[in-house]
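Hi everyone, thanks for coming. Please take a look at the structure on the screen, and I'll walk you through a few places in it.

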Amino acid sequence: MLAGLMQNVPLTLNLIRERVADLYPNKTVTTRYPHAIHVIGYGEVLDRAGHIANFLQDIGITRGERVATLAWNSHRHLELYMAVPCMGAVLHTINARLLGPDIARLLDHADDRALFVDRSIWKTIGHEIDLPRRVRHVVVMEDEPDQMLDPPARAGTTQAHYEDMIRPHQAAFAWPVLSEDEVASLCYTSGTTGNPKGVLYSHRSTTLHTLACLFADGIAMRERDVCLPAVPMFHANAWGFPYAALMAGANLALPCRQTDPTSLVELIEAAHVTMATAVPTVWIGFLDHLRRDASALGRISSLKRLPVGGAAIGRSFIDDFTRYGIEDMHCWGMTEISPLGLTNVERSDLDDAQVRETRTAQGLPIPGCRLRIVDADGARCVTDGKMPGELQISSPWAAGAYFDRAAEEKGLHPEGSFVVDEGRVWLRTGDIATSDPHGYVRIVDRAKDLIKSGGEWISSQALELQLMNHPDVREAAVVARPDPKWQERPVICVALHEDTKELRERFQQDYGSALSEHFPKWQIPQEVVFLTELPKGKTGKIDKIALRTAMQPAQ
Ligand code: AMP
């Protein structure tokens, strides 16, 4: 190494922790619990993170071991966001909308050693979760006040209450010096077959992603902002917004699980929120509320910016918010890229017509994120805004492989989600996109066999597999139909062995209860389309593109 190089400071979340301690102990996080609004300073959040780190150390959690959370957006979850990675363990945030057996599988796959769970979740689905033996400690977090409702502790597992556990431990903790390549957190995303895929965020990737959120041409979060992430903290670190807010010194407002318009208005008013983020479904309901209740507008006058992602937004969505004085920024991302990849910022070399035209595009790659759009042979598509191809991403905060313990143990580097080309790894996003001559990317389709409803994934293949177990079903496919509220809802297209009225009625009556054994209610399609035969492509496989096209509303 040449003498005279710059300091080699590791890019770890300790940079955020230290900055908050130095500069922002008085900034606040406001949580809207169902029973009360709670405010706490960042200094106290860090102290409590120290208590938690001491607790975790005492119960034997060591560097690299996984600690799971099953929780909504709250100050306690934020404390864990700091404590677990900064002590060198790995924060595994689990989707609280899954069924108990699926949660148990994730706990097992991740080899979690402790679970922090919100009381509201524990009391409703705790009994369905068959805890793997390696999960030795459960800590119940008080998002609801009533202790009487906690399920009893499991044999072989200790169960404590978060606040009782915090008190006896010290705030001072000897935070270790970590390497930037250590794992900070683990998040699972839906696989097409229904088997989730783990994405391991390193300290380096999360720190760089956090900085990128602060770029003026990223999310442009600033110290004077008050940020409300209404996207769950179990979804790709709430899109990185909590870490970005801590790094920027912006106040946070956390909605717990209440993302209905009335609760959001209340929180925006109470915390003077300036920017909020969630999937379009949340904001579509919010817009309806503003239209119905003119007084709400005065209560949310602090709200200025709305980075929206997770699904596409249309022109009327943008125009409606603009009319209310709120600027929304279309973003695109995915769990695999931490998740921010594209933001729709206005280039100075566009004329007015081009600005209007590009507003609905997903945007330009944020600095540090490189993309390419390729055809089926891997050749780059023409950037004429018309030629579609697969969007691929290369970035220090994009996954290079999935977390696969079995493959890791066998020394394998699995699956076809990544390609090595042009001297770098590219993540295949499964999104079909075009790029125009200015670099604006527009998502036009999805190659992956998944349906995204209200920001949550539904696996068509997993549903189809279960439908095929129905004795009357000859062939079945599940495809997305556009939906004004949820963006997409799954529709069952089915051909029965005998296409009679009686069999159709029988299927209508009992497919729901058959599916409910395997899927949460929100994943179960409400709509069935009966066909005598499903359309097939050249290879004899069901032509889902034809089915999906048939589901589009008439132009
Ligand atoms: P997730 O990993 O759950 O965050 O989902 C990522 C996927 O959501 C992307 O690969 C896209 O298919 C979809 N997605 C995210 N943002 C947008 C957007 N702005 N427009 C269209 N699709 C989006």
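**Helices and buried spots**

Let's begin where two helices touch: Thr-206, Thr-210, Leu-211, Cys-213 and Leu-214 in H7 meet Tyr-243, Ala-244, Met-247 and Ala-248 in H9. Contact here means heavy atoms within 4.5 Å. Helices are DSSP runs of H or I with at least four residues, strands are runs of E with at least two, and both are numbered from the N terminus.

Before going on, a word on the source: this is a predicted model, where local features need pLDDT of at least 70 and side-chain atom pairs count only at pLDDT 80 or more, while totals for chains, interfaces and linings use all residues. Residues are numbered from 1 along each chain as its sequence is written, and side-chain values use heavy atoms, leaving out hydrogens and water.

Back to our pair. How do H7 and H9 pack? Helix H7 (residues 203-214) and helix H9 (residues 241-248) pack at an angle of about 70 degrees, and their axes are 9 Å apart. The axes are lines fitted to C-alpha atoms over the stretch in contact, with angles running from 0 to 180 degrees between N-to-C directions. H7 and H9 are therefore roughly perpendicular, a label for angles of 65 to 115 degrees; under 35 is roughly parallel, over 145 roughly antiparallel, and the rest oblique.

Now find helix H10 (residues 261-271) and helix H11 (residues 280-292), whose axes cross at roughly 80 degrees and come within 9 Å. That makes H10 roughly perpendicular to H11. On the H10 side, the contact involves Pro-261, Thr-262, Leu-264, Val-265 and Ile-268, and on the H11 side Val-282, Trp-283, Gly-285, Phe-286 and His-289.

Which residues of H10 are buried? They are Pro-261, Ser-263, Leu-264, Val-265, Leu-267, Ile-268 and Ala-271. Buried means under 20% relative accessible area, exposed means over 50%, and partly exposed is in between (1.4 Å probe, protein chains only). Their cover includes strands S1 (28-32), S10 (226-229) and S11 (251-254), along with H11 and helix H12 (294-299). Just after H10, His-272 has a positive phi of about 55 degrees.

Next, Gly-309 sits in the loop between strand S13 (305-308) and helix H13 (315-323). Is Gly-309 buried or exposed? Gly-309 counts as buried, at 4% relative accessibility. Beyond neighbours within four places in sequence, Gly-309 contacts Trp-239, Ala-278, Val-279, Pro-280 and Cys-331.

Last stop: Leu-2, in the segment before helix H1 (14-23). Leu-2 is exposed, with a relative accessible area of 70%.
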